[in-house]
Amino acid sequence: MAAFVMFQNFPEALGKGVHDFTTAGSTYDLKMALCSAINASDGTLAGQTKCTGGGYADKDLSGTHAFTETAGVGTMSYNSTNLVWTASGGTIANVKYAVLYDDIPTGKNVIGYWEYSTSQNVLDTETFTVTFGSSLFTIASA
């Protein structure tokens, strides 16, 4: 999978307390949306073009996740390695981006995304899997 890219206003939203990662799962609820297009300057999920069709729904990252810091690097860890969508009753069309967002703040604020090299159609009964390691993203000082 491609490298994680932060939405340009995520650092500002983090600094203003829009996201509160102090207690795993209690003050934030991480979810993932599949999108056909993104607007990197819009900090909300509504500003992104979500995929539709084929019984598509966003996925909850319901496993254990926690934000920790070591030697000046903040890491959002996650205890699962993938999310799977199965198209049902049609096609999930033009999947190009996997967008990570926080479902708790007003506006469902986006955090970052992974971009696929080409748009993909997930035909009826086929699956689409987003795979990542034990960390979702890191924040480091320059």
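**Notes on the predicted model: confidence, salt bridges and aromatic pairs**

1. *Confidence.* The chain has an average pLDDT of 87, and 93% of its residues score at least 70; pLDDT is the predictor's confidence in each residue, on a scale from 0 to 100. Confidence is lowest in strand 5 (residues 65-70), with a mean of 82, and highest in strand 3 (residues 49-50), at 96. Helices (H or I, at least four residues) and strands (E, at least two) are DSSP runs numbered from the N terminus. A friendly reminder: where pLDDT is low, the predicted coordinates should not be read in detail.

2. *Ground rules.* This is a predicted model, and local features need pLDDT of at least 70, side-chain atom pairs count only at pLDDT 80 or more, while totals for chains, interfaces and linings use all residues. Residues are numbered from 1 along each chain as its sequence is written, and side-chain values use heavy atoms, with hydrogens and water left out.

3. *Salt bridges, two to begin with.* Searching the whole structure gives five salt bridges, each being a side-chain nitrogen of Lys or Arg within 4 Å of a carboxyl oxygen of Asp or Glu. One of them joins glutamate 12 to lysine 16, at 2.7 Å from N to O. Lysine 16 is exposed at 62% relative accessibility, and glutamate 12 is partly exposed at 45%. (Buried means under 20% relative accessible area, exposed over 50%, and partly exposed in between, with a 1.4 Å probe and protein chains only.) Another bridge pairs lysine 50 with aspartate 58, whose closest N and O atoms are 3.0 Å apart. Here both partners are partly exposed: aspartate 58 has a relative accessible area of 21%, and lysine 50 has 34%.

4. *Aspartate 103, worth a look.* Where does aspartate 103 sit? Its place is in the loop between strand 8 (92-102) and strand 9 (110-122). Aspartate 103 counts as buried, at 18% relative accessibility, whereas its salt-bridge partner lysine 108 is partly exposed at 36%. The two side chains also make a polar contact at 2.7 Å, that is, a pair of N or O atoms within 3.5 Å; within protein, one must be able to donate a hydrogen and the other to accept it, and residues adjacent in sequence count only if both atoms are side-chain atoms. A network of salt bridges links Lys31, Asp103 and Lys108. Leaving out residues up to four places away in sequence, aspartate 103 touches Asp29, Lys31 and Lys108, where contact means heavy atoms within 4.5 Å.

5. *Aromatic pairs.* The structure holds eight aromatic pairs. Rings of Phe, Tyr and Trp (its six-membered ring) pair if their centres lie within 6.5 Å; planes under 30 degrees apart count as stacked, over 60 as edge-to-face and the rest as tilted. Phenylalanine 10 and phenylalanine 137 are edge-to-face because their planes stand at 85°, with ring centres 5.8 Å apart. Phenylalanine 10 lies in helix 1 (residues 10-15) and phenylalanine 137 in strand 11 (residues 135-140), so this pair ties together parts that are 127 residues apart in sequence.

6. Phenylalanine 67 is partly exposed, at 28% relative accessible area. Phe4, Phe10, Phe67, Trp114 and Phe137 form one aromatic cluster.
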